[in-house]
Amino acid sequence: MHVIRFLATRIMVYLLVVWIGVTIIFFVPRFVPGNPVDAMLGKMMSQGTAMDPKLVETMRQTLTELFGLEGTLWEQYSAFLQRVLLTRDFGPSLSYYPTPVSMLIAKALPWSLGLMLTALAISWTLGNFIGLLAGYHNNSGISKAIETTAMIVYPIPYYILALVLVILFAYIWPIFPFVFQVSGTPGTWQWMVSVAYNSFLPLMSIVIVSLGWWIISMKAMAIDTKEEDFVQYARYRGASDNKVMVGYVARTAILPQVTVLALSIGGVFGGSLITEILFGYPGMGSLIYKAILGSDYNLMVGSISISIVAVATATLVLDLIYPLIDPRIRYD
Amino acid sequence: MKQKNLLFALIVIASLLLSACAAPAAPAAQSGADAAAPAGGETFVGTPRNETLILDNLGGSLERPDFFNPYAPGVDMGRGYHEVCLDNLWEIDTTTGEQFPALAAEMPKALNADYTSFEIKLRPGIYWDDGVEFTADDVVYTLQLGLTNDKLPIHGWSIDYLKDVKATDKYTVIVDTTRSQPRFSKDLGATIWDATRFWPVPKHVWEKEDPTTFAGFPPVCLGQYKYSKHDPNGNWTLWQLRDDWQQTSVGMINKKPGPKYLLWNFVGTEEKRILAMINNDVDILQDITPESMQVLTNKSKVVRAWHAGFPYADFDDPCERGISFNNSQFPYDQWQTRWALALATDIKKASLGTFAGMLRVSPLAVPPVAAVQNTYHKPLVERLTAMQLSDGYKPFDPNFAKDMAAIFKEQGIGAELPTTEAELVDLFGVGWWKYDVAEAASLLESIGFTRDANGKWLLPDGTPWKIAINAPVDFEVQSGRLAFAVADSWTKFGIDATVNTMTGGSFWDAESTGEFQAGSYWPGCAIGPDIYPNVSNWHQKYIVPTGTPAPGNRNRHKSDEIARIMDELEKVTSDDPKNVELSKDLLMQMALEMTWIPMFGTSKFVPVNETYFTNYPTADNYYEGPWWWWSNFKFIVSHIEPKK
């Protein structure tokens, strides 16, 4: 009963958070100066073509009607809620009319998930492993070198690091492609190799930048944890160094890292804008960016809602599984 | 030990960073533009490199690379689609600013004296790339699309403009309009960039589809290239020369194009685009910054700009840059305010601060492109010099070109400039307004402005005068930089001037609704002597209240005199001698009223790589302007030749 009440409360909070987030993302762009119709007309007029004012006015009227932007904000919101709740349809993209928003997201999301989840898995695993070793053996020279390197690399602006990688490995030593160009039929071995080859540099750029943080944070927690009484006791009981490091220190120090990992998983659904722009990598980051530039309300709501749901879900799952990871945690 | 470890780490990192600054291994054929093209090699799409012209796709990667419906909102007309696949009844010759017949056999013939009925004769023997002939039925079908589909954005214009459309034979179309349209060919044909309302589509394909949602894929082309394939992620599109290229308008007017393949490719950020060009992986770049141009000229002997040396850029882009105001709101509704701001602008410093001086100045509301400058700017110098404000002040200064030449001489680049005054004026413009802060102050004080103890300007109500200049943040870099240069001048004058950098949606919305004070917009475009189609939207009949999107006259400038001249201009045809004379009167009146502050034509750095192809249009080889992203590119590419 107690568990059921806990679950019900958490799920209700989850639904409330998602609803509030989606509502905010629905209204906020509509309060910002700019709308998709004027963005589209402005882009046409910026070409310098002689746009007859009559043409501009009639196009504005037609586009406003076509994009469903007539009526009050509440009427538009009500129509939006009905569409999303009943048919899970965010409607057509306004910038890429009449392409459905879901189709654009379905095309971009797998690329973001593939890149970001892989980068997260590698940097989290490697970072925590190196951080654990560095923290457990914190008096060694290697540990200090690792920490120094991490502290030097970590604050480097991502764009600079990524550009250096491009210059080094795509231009000076052209080992990797300059531009993201995948070949082969999707699903085939040739295609998978091409994806891996083309994704290597963007992947490494993200891994290098995020590795520093995981190393530094894990090292700090490992140093703290290894001085705890229960760890000392394990040593006195004759446990081997490796067993103490893995079974006692790591298991405790990793807990906050799991929290951050779960929250980071939610964040991958937003893509990585700078990575995508610099490497020409297709993904959610550039999709959201284009939506903002074009004041594409439907695409903004659809793509950012995915992120909202992902982060909220990750938080919910973390809340539910945390007692399983850390036996000290119990909810009243 | 600790210090040694740290030092080791620092050396490794520094080595990595330093190697990034190392000169790259020279790519093939770096010895100069005269060297033979390297043999062999394939592009990443599998075509022979020496048969593939690779163009930069400035529009970026496409979310719908398989969408080719020119009448759908949001369609991307670039990536080769309107450049080489679509075609127009009448295309534009950018060297003269005049249209010429393309799909049409001749210019349209007015069938009555009031210009409400026109005959269009098509060229026989033009075929779509699927082998079906292009006929009057396609033209009629396409025009009727707009009339019969109320969901197409073109619908409103169609029912307002067109009364009737019919084919009288296989190659003849009669169009009746609802009102007198003496500029009929400009309404349906290409002018700047392309047409705006009409591109023939294949009736035999489209009549089976819903035109509001039809993707038009694969596109069926009238141009001399046909669609080949595209990147599903939207980074590139490949076009191939048609075997029957002679059965196109370009094929009948020009000769066989040199490139067998055209590849529009989005490389990425500007740094990557420059590196790609140095690597000979791109042949044509669209619109880079002067700093990037400098890198290219330093690093590559096979890359050249419009001018082989300084000032590199082509100054003939048909839109000009300057500062606009909402002329319906105080204090910008006062001509004294607008004139004061013009006179408080150090235009030479603005030129140097924007694009290192590589700009052509313009005091008139139309850009100083060669065809327009020769028709208006130069002949009007006398009137501009004699022009007086109501206090008797003569604001015009004809010495801009001479002064800029002197500045460049001091910088050590004078040797690359023309030597005669006439040539300097051709290059840098006829002149601009004087930089006269005393007169500017006098004008402001005459309408109640004052200064505080620190010399800062106060509005007549005693509050500090603050101006926020809207500027685009991630596009049209010249306008963005101009805003900062102008803000600098005005700040020195004592105005609290700042710059609001904005993304596209907000930027355009502010101009449309008038919810801005000043903006680095570009409401002055024109390509040839007939400027009326471009300036007609300044008519006061289009003024709407601030807060309401404006269909025209976004500056909300009210002027009975300008309206009177425009009403007369509307009735004359493009080739009527009265057209130019009335246009001159209009431009002088707009200058006197300072409807906005025009400053410079647009300078485009549009470099080309001569490793694999040659005979690009340049200042020394001027058969067309370097407008790779326009519809007339199909005529340019027919001149480009492979390097032997």
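**View 1. Where chain A meets chain B in the predicted model.** In this predicted model, the contact between the two chains draws 60 residues from chain A and 63 residues from chain B. On the side of chain A that touches chain B, two or more residues come from each of helix 2 (36-45), helix 3 (53-66), helix 6 (141-153), helix 7 (158-172), helix 11 (273-279) and helix 12 (284-293) of chain A.

**View 2. Helix 3 of chain A at the contact with chain B.** Of the elements on the side of chain A that touches chain B, helix 3 of chain A gives the largest share, and that share amounts to twelve residues. When the residues on this side of chain A are sorted by class, 35 are nonpolar, 18 are polar and seven are charged.

**View 3. The two domains of chain A.** Chain A is divided into domain 1, which covers residues 2-87, and domain 2, which covers residues 104-325. The C-alpha centres of these two domains of chain A lie 32 Å apart, and the contact between them takes 14 residues from domain 1 of chain A and 13 residues from domain 2 of chain A.

**View 4. The side of domain 1 that touches domain 2 in chain A.** Helix 1 (2-31) and helix 2 of chain A each supply at least two residues of the side of domain 1 that touches domain 2, and the largest share of that side, ten residues, belongs to helix 1 of chain A. By class, this side of domain 1 of chain A is made up of nine nonpolar, three polar and two charged residues. Helix 2 of chain A, which contributes here, is also listed among the helices on the side of chain A that touches chain B.

Terms used
Residues are numbered from 1 along each chain as its sequence is written. Chains are lettered from A and ligands numbered from 1 in the order in which they are written. This is a predicted model: local features need pLDDT of at least 70, side-chain atom pairs count only at pLDDT 80 or more; totals for chains, interfaces and linings use all residues. Two residues are in contact if their C-beta atoms, placed from the backbone, lie within 7 Å. Helices (H or I, at least four residues) and strands (E, at least two) are DSSP runs, numbered from the N terminus. Ala, Val, Leu, Ile, Met, Phe, Trp, Tyr, Cys and Pro count as nonpolar, Asp, Glu, Lys and Arg as charged, and the others, Gly among them, as polar. Domain bounds come from an automatic or database domain assignment.
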